[in-house]
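Please keep the sequence and the structure in view while reading.

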Amino acid sequence: GDLVWKEAKLVGEYQGAKHFGDYKRGDRDITRRRAVEDAGWTYVDFTKDDYYQRPRRIALVRRLAAELGVALDAARLGDGDHQGRRGQQLRQCLEQ
């Protein structure tokens with residue numbers, strides 16, 4: 001996975017254009033996902049729109065926080081419109 005929280009048994013996986021355009025890769029991803037879920041892990045997919053579109057980004061952060069059992073500080077979500085700060089804001093919102 002692209003993001004892994006071992007203690008929480010949580011995997012975050014970015015699904016880019018190659019994932020959707022390459023059958024073999026997509027099939028391998030699905031097979032790997034099933035194995036991870038069968039082992040008791042939770043799998044969260046996300047795409048570039050989940051990162052760049054504010055409502056979807058906030059939904060993703062909320063889902064990750066819920067899966068991790070982390071309370072979000074709404075004030076730290078920020079406005080999310082500053083170029084280059086999105087990743088920093090995501091990390092800040094999920095810090096304990």
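Which strands does helix H4 lie across, and at about what angle does it run to E3? In this predicted model, helix H4, which covers residues 54–68, lies across E1, E2 and E3 and runs at about 170 degrees to E3. The points below place that helix within the fold and then turn to the sheet, the core and a few residues.

**Overall fold**

- The protein chain contains five helices and three strands, and read from the N terminus these elements follow the order β-β-α-α-β-α-α-α.
- Of the 96 residues in the protein chain, 30% are buried, and the accessible surface comes to about 6600 Å², with 49% of it belonging to carbon and sulfur atoms.
- When contacts between residues at least 6 apart in sequence are considered, 51% of them join residues at least 24 apart.

**The sheet and the helices against it**

- The three strands make an open sheet in the order E1-E2-E3, with mixed pairing, and its edge strands are E1 (3–5) and E3, each of which pairs on one side only.
- Neighbouring strands of this sheet are turned against each other by 15 degrees on average, with direction ignored.
- E1 and E2 pair in the antiparallel sense over three bridges, and Trp5 stands opposite Leu10 in E2.
- Helix H2, made up of residues 23–38, packs on the sheet and touches E2 and E3, its direction making about 145 degrees with that of E3.
- E2 and E3 run parallel and are joined by five bridges, and Glu13 stands opposite Asp45 in E3.
- Strand E2 is largely enclosed by the rest of the structure, because four of its five residues are buried.
- As a general point, side chains in a regular strand alternate between the two faces of the sheet.

**The nonpolar core**

- The largest nonpolar core consists of seven residues, namely Leu10, Val44, Phe46, Leu60, Leu64, Leu68 and Val70.
- E3 and H4 each supply at least two residues of this core, and H4 gives the most, with three residues.
- Val44, one of the core residues, is in contact with Leu10, Val11, Gly12, Glu13, Leu60, Arg63 and Leu64 when its neighbours within four places in sequence are left aside.

**The turn between E1 and E2**

- E1 and E2 form a hairpin with four residues between them, and in this turn Lys9 has a positive phi of about 50 degrees.
- Is Lys9 buried or partly exposed? Its relative accessibility is 36%, a value between the limits of 20% and 50%, and therefore Lys9 counts as partly exposed.
- Apart from neighbours within four places in sequence, Lys9 is in contact with Ala39, Gly40, Trp41 and Thr42.
- The C-alpha atoms of Lys9 and Leu68 are separated by 8.8 Å, although these two residues are 59 residues apart along the chain.

**Glu13, a charged residue within E2**

- Glu13 lies in strand E2, which spans residues 10–14, and it counts as buried because its relative accessibility is 8%, where buried means under 20%.
- What does the side chain of Glu13 meet through polar atoms? One partner is the side chain of Arg32, joined to that of Glu13 by a polar contact of 3.4 Å, and another is the backbone nitrogen of Asp2, which lies 3.4 Å from a polar atom of the Glu13 side chain.
- Beyond its neighbours within four places in sequence, Glu13 is in contact with Gly1, Asp2, Arg32, Tyr43, Val44, Asp45 and Phe46.

- Thr47 is found in the loop between strand E3 (42–46) and helix H3 (48–52).
- The side chains of Thr47 and Arg56 are joined by a polar contact of 3.4 Å.
- With neighbours within four places in sequence left aside, the residues in contact with Thr47 are Tyr14, Gln15, Phe20 and Arg56.

Terms used
Residues numbered from 1 in each chain as written. Predicted model: local features only at pLDDT ≥ 70, side-chain atom pairs only at ≥ 80, totals over all residues. Heavy atoms only, no water. Buried < 20%, exposed > 50% of the residue type's maximum accessible area, 1.4 Å probe, protein only. Polar contact = N/O pair within 3.5 Å; in protein donor to acceptor, adjacent residues only side chain to side chain. Contact = heavy atoms within 4.5 Å. Areas by Shrake-Rupley, 256 points an atom, 1.4 Å probe, with all protein chains shown as cover. Pairing = 2+ DSSP bridges. Axes fitted to C-alpha atoms, helices over the stretch in contact; angles between N-to-C directions. Core = buried A, V, L, I, M, F, W, Y, C linked by side-chain atoms within 4.5 Å.
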